[in-house]
Amino acid sequence: ADVGLNKSSTFNEGTKAPKESSTAELVELNKNSTVNNAESSKSEEFEKDSNITSLNNLNQTGAVNETAKADDFTPEVGLNRSSILDKELDERSNITVLNIAESSNNKSVAENVGTSEESFASKNDTVDINTSNNNAPDTGLGTTNSTSEKGVETNISAPVVSFNSSISSVEQHVTPSFDKNEKPKPKPIQNDFTKPSDNSSPRKAPKMKKKPEMLPPAVTTIADMNNLLYQSRVSYESPTPKWSSRADKVLLEARLQIENAPIIKNDPQLYAPLFRNLSMFKRSYELMENTLKVYVYKEGKRPIVHTPVLRGIYASEGWFMKQLETNKKFVTKNPRDAHLFYLPFSSRMLEETLYVPDSHNHKNLIEYLKNYVDTIAAKYPFWNRTEGADHFLVACHDWAPSETRNHMANCIRALCNSDVREGYVFGKDVSLPETYVRNPQKPLRDLGGNPPSKRPILAFFAGSMHGYLRPILLEQWGNKDPDMKIFGKMPNVKGKMNYIRHMKSSKYCLCPRGYEVNSPRVVEAIFYECVPVIISDNFVPPFFEVLNWESFSVFILEKDIPNLKKILLSIPDKRYRQMQLRVKKIQQHFLWHPKPEKYDIFHMILHSVWYNRVFQMKPR
């Protein structure tokens, strides 16, 4: 029963205590040496109720959302927060929505960072306030210890508008859509993986068992996502391996070391307020560098498999494919030594090769991936050992979530279209940054932007009118306010400010959703050192499991577009300068280099996959 998910900004605990009669009967059973069938059934009923109660108590400590103190300003816009229950609770409570009270005694994550940031700010015409060296490591993930939960660093300080939007459910994108400029040429349907004949019976990938799912709320706010992430560390259950391996033991040991990571007080390359917990990230990254081995499957034919696309808005999957396949540090030729298995197909080339234009049907694309998995499962034992849980894919095309949700449901999916309502799973899936690479030979061309004092434009957006939201943005703000530079597709006219110069000269760069929740403008804003303003309900930002996005960006609900200028002007100048400085510091994690560099986007993608797999591991 829906108990009013969208009516309140706080959550009341909805789990009932076990019936007194059941409790009394259980006590009576403990006194007696014999138990009849009727008493056994009552005991089971009590046990189920007790499990639900303990799960609720666990969820209460599942998230610690910390807001900034005086300098970390947050406009007082109505915050309505909703949450998704654990799947186990759904099964036992008949999909009853529980509401969990959030803590009001919030503290700033960025409390103690020393003079290094201030000196950096003074050199770069910025002022950074309320900074922090580090937080204590979270040494109790997967437990109900409240002190360990407080060790997780969360700084929810950016302006967040969090109440339900009627806009977000206006249009459901069931049929494929794409830009006219990128419309694929008609090509014959291909399939490298032929089905076995009637006389042969090779092994196939077992069908994924579908767990009962609860439809997410219309709007999942950034605060809800924080809660869901912390809950997933306890509630998400990866398929148990059919037999143990050396890799499993290594991953279990890595989890223990990450949970008990030594406190990092100061790091010359990493800036504490940007992370949920710098100490845990640093230890996890070190273990990945020294431990991780990935096996890359050789099966599959070009152009769908082993063909990286290095230019355009889908370039992230191509650059990752290219740099991993040529990496001698992480890639192993012996699959028995691997901790992870990479499925090197391109979701962009899958659509380019197999999709029949104007058919509004991509069943043949899904069938291709099914046959691909069946081929791997028939040739190797590794897929069937974990039902694909230690396998991962990296896909940036809009259709990737729907194409992989069935036959690759247990895989770790790094997706640009990281939409909560499209089946994104916290604790398993990874939000992949969508990067627009204009020149593959010079991916860092035009990097950087103007200092805060030379950014006269309050907010900027220009782009095609994809989806339902951008036309609303243009209608509300296009050519109506000199501080709000909101355009449609901007022509490149000689002598006038072009798209890149506008981003370099704006304080805030708007990142509204297009056909899907993701947009390359999020990374573009960071690239040009402009504070990103994310207007996309249910969008999980990149590297969400480790980064504290609210320390350097602004989240606004789609419904609040009419209040856009008011919200941005309500942010004090000190707070803006703080966020802008942090954008410059987070930039290193979103850059592609011809050869991968430490902490760059290639390593961050691989780390998020590694990190999620590590925290799926539980002792037998």
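Which residue stands opposite Cys511 in β9? The residue opposite Cys511 is Ile534. The model is predicted, so local features need pLDDT of at least 70 and side-chain atom pairs count only at pLDDT 80 or more, while totals for chains, interfaces and linings use all residues. Residues are numbered from 1 along each chain as its sequence is written, and side-chain values use heavy atoms, with hydrogens and water left out.

Strand β8 covers residues 506-512 and strand β9 residues 531-535; strands (E, at least two residues) and helices (H or I, at least four) are DSSP runs, numbered from the N terminus. β8 and β9 run parallel and are joined by five bridges, where pairing requires that DSSP finds at least two bridges between two strands. From β8 the chain passes through helix α16 (residues 521-527) to β9 in a right-handed β-α-β crossover. Right-handed here means that, with the strands pointing away from the viewer, the path from the first strand over the helix to the second runs clockwise.

β8 also pairs with strand β6 (residues 457-462), in the parallel sense and over three bridges. Within that pairing, Ala459 has Tyr508 of β8 as its bridge partner. β9 in turn pairs with strand β10 (residues 554-555), again in the parallel sense, over two bridges. There Ile534 is partnered by Phe555 in β10.

Six of the seven residues of β8 are buried, so β8 is largely enclosed by the rest of the structure. Buried means under 20% relative accessible area (1.4 Å probe, protein chains only). For β9, five of the five residues are buried, so this strand too is largely enclosed. Val531, Val533 and Ile535 lie on one side of β9 and Pro532 and Ile534 on the other, and both faces are covered.

A helix contact comes next. The axes of helix α9 (residues 315-325) and helix α19 (residues 601-616) come within 10 Å and cross at roughly 85 degrees. Axes are lines fitted to C-alpha atoms, for helices over the stretch in contact, with angles from 0 to 180 degrees between N-to-C directions.

Phe320, Gln323 and Leu324 in α9 meet Phe602, Ile605 and Leu606 in α19, contact being heavy atoms within 4.5 Å. The residues of this contact comprise five nonpolar, one polar and no charged.

Technical notes
Buried means under 20% relative accessible area, exposed over 50%, partly exposed in between (1.4 Å probe, protein chains only). Ala, Val, Leu, Ile, Met, Phe, Trp, Tyr, Cys and Pro count as nonpolar, Asp, Glu, Lys and Arg as charged, and the others, Gly among them, as polar.
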